[in-house]
Amino acid sequence: MNKKIDTSRDNISTQNKVRNINIKELKEGIRDGTPIALGYLAVSFTLGIAARNAGLTTFQGFLAALLTNASAGGYAGFLLIASGGTYWEMALVTMITNARYLLMSFAVSQKLKPDTPIYHRLAIGYDITDELFGISIARKGWLNPYYLYGAMIVAIPAWSFGAAMGVAAGNILSARAVSALSVALYGMFLAIIIPPAKINRVIAVVVLISFIASFIVSKMPFFDNISTATRIIILTIMIAGIAALLFPVSEKEGANDGA
Amino acid sequence: MMEHNVYLYILVMAGVTYAIRVLPLTLIRNQVNNHFLRSFLYYVPYVTLAVMTFPAIIEATQTPIAGVIALVAGILLAWFGASLFQVSVSCCIVVFIIELMIL
């Protein structure tokens, strides 16, 4: 009898501990998601203007932003709606502009504990964006889904309402404010890649080469026809592939606390 | 143009986008053991984020010089241990001040 009671009490205290950890992760997600949400407001506001130009209503713009959470993919989609393309063209354009999420999702799958249930995977897959991917891989150890839920709680509404406001209100934000807010995302990326580069010289070189290659490719007339999204995929596969061949990571580095 | 329904367009966008995001997460349930693939995935985030940052940061601002200074400021702040939020907000403030001065 006694033994039984003790066991159940243990279970309850373990459950409480897990719950407290999840709440802590949720709060940290909200904290790290807040600057992302601010940047999103500005970016999706301009996305909303593109939706307005394509003839979408405020509700349609809101819905498109809420259901896709994609900037480049959204822009391309609105352009296609404006030109009256087919649904197949829409599927293809969406696939190309969002293909980088396939790589990001792959990388995040390695940050999840292998026994993470399917419903968590289905839920966090909803919002694998450049920014949430960035803060996810910056976490130490396994990625707790509740951390991402925290970030999603603030990021998704900001993204959706930003787009709705863009459709409804057009140019409320001054060009100066949009310009300043537009670098928030890049500041965030720097905060993620620079600290590991300071410690690991290979990462520092990889980051530097990525900067240079990205700059050169963007200036080459030959690549004019290739979209930014495709450029990101090509450069990522090439540079990360070469780095992996030349500097394979040890088992310890390559583990979940890698990035 | 009339024969196309905007809601169907949005549905196609949403379905394809979600599939791309969720397939690797749900299909790859275990740690990848291939050494090359592990190393590759280890470097992917750094390359992707670096490529997305530059030169986009100097094209996002009204004047390229504001973007360049924000880039340098962001790198320095991150190097000396500023948090994600601090680096991000500082970059915005730098751009705002620079453009206030020169525009």
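**Close-up views of a predicted two-chain model**

**View 1. Helix 10 of chain A packs on helix 5 of chain B.** In this predicted model, helix 10 (residues 184–199) of chain A and helix 5 (residues 84–102) of chain B pack at an angle of about 140°, and their axes are 8 Å apart. That angle makes helix 10 of chain A oblique to helix 5 of chain B. The crossing of helix 10 of chain A with helix 5 of chain B is right-handed. From helix 10 of chain A, the contact uses A184(A), Y186(A), G187(A), M188(A), L190(A) and A191(A). From helix 5 of chain B, it uses L84(B), V87(B), S88(B), S90(B), C91(B) and C92(B). Sorted by class, this contact of the two helices has nine nonpolar, three polar and no charged residues.

**View 2. Helix 10 of chain A also packs on helix 11 of chain A.** Two packed helices are described by the angle between their axes and the distance between the axes. Here the angle is about 135° and the axes are 6 Å apart. Helix 11 spans residues 201–219 of chain A. Helix 10 and helix 11 of chain A are therefore oblique to each other. I193(A), P196(A) and A197(A) of helix 10 meet I203(A), A204(A) and V207(A) of helix 11 in chain A. By class, this contact has six nonpolar, no polar and no charged residues.

**View 3. Chain A and chain B meet in a contact with residues from both chains.** Chain A gives 83 residues and chain B gives 67 residues. On the chain B side, at least two residues come from each of helix 1 (6–27), helix 2 (35–53), helix 3 (56–60), helix 4 (64–79) and helix 5. Which helix of chain B gives the most to the side that touches chain A? Helix 2 of chain B does, with 18 residues. The residues on this side of chain B divide into 47 nonpolar, 16 polar and four charged. For the complex, the predictor gives an ipTM of 0.84 and a pTM of 0.72.

**View 4. L47(A) sits in helix 1 of chain A.** This helix covers residues 2–53 of chain A. L47(A) is buried, because 27 other C-beta atoms lie within 10 Å and 20 or more are needed to count as buried. Beyond its neighbours within four places in sequence, L47(A) is in contact with A65(A), S71(A), G74(A), Y75(A), A163(A) and G166(A). L47(A) and M165(A) are 118 residues apart in sequence, and their C-alpha atoms are 9.8 Å apart in space.

**View 5. P114(A) lies in a loop of chain A.** The loop is between helix 5 (100–109) and helix 6 (118–124) of chain A. Is P114(A) buried or exposed? P114(A) counts as exposed, because it has 11 C-beta neighbours inside 10 Å and 12 or fewer count as exposed. Leaving aside neighbours within four places in sequence, P114(A) is in contact with R29(B), N30(B) and Q31(B). P114(A) and I199(A) are 85 residues apart along the chain, and 28 Å separates their C-alpha atoms.

**View 6. Helix 5 of chain A is mostly covered.** Eight of its 10 residues are buried. The buried residues of helix 5 of chain A are R100(A), Y101(A), L103(A), M104(A), S105(A), A107(A), V108(A) and S109(A). Across chain A, 47% of the 259 residues count as buried. Chain A has 13 helices and zero strands.

**View 7. N69(A) has a positive phi.** Most residues other than glycine have a negative phi, and most peptide bonds are trans. The phi of N69(A) is near 50°. N69(A) lies in the loop between helix 2 (58–68) and helix 3 (72–83) of chain A. N69(A) is buried, with 26 other C-beta atoms within 10 Å.

**View 8. A cis peptide bond joins F54(B) to P55(B).** Its omega is near 5°. P55(B) is placed in the loop between helix 2 and helix 3 of chain B. Among the elements of chain B, helix 2 has the lowest mean pLDDT (86), and helix 4 has the highest (96). For chain B, the mean pLDDT is 89, and 97% of its residues reach 70 or more.

Notes
Residues numbered from 1 in each chain as written. Chains lettered and ligands numbered in written order. Predicted model: local features only at pLDDT ≥ 70, side-chain atom pairs only at ≥ 80, totals over all residues. Axes fitted to C-alpha atoms, helices over the stretch in contact; angles between N-to-C directions. Helix = DSSP H or I, 4+ residues; strand = E, 2+ residues; numbered from the N terminus. Parallel < 35°, antiparallel > 145°, perpendicular 65-115°, else oblique. Left-handed = near helix turned anticlockwise from the far one by under 90°. Contact = placed C-beta atoms within 7 Å. Nonpolar A, V, L, I, M, F, W, Y, C, P; charged D, E, K, R; others polar. pLDDT = per-residue confidence, 0-100.
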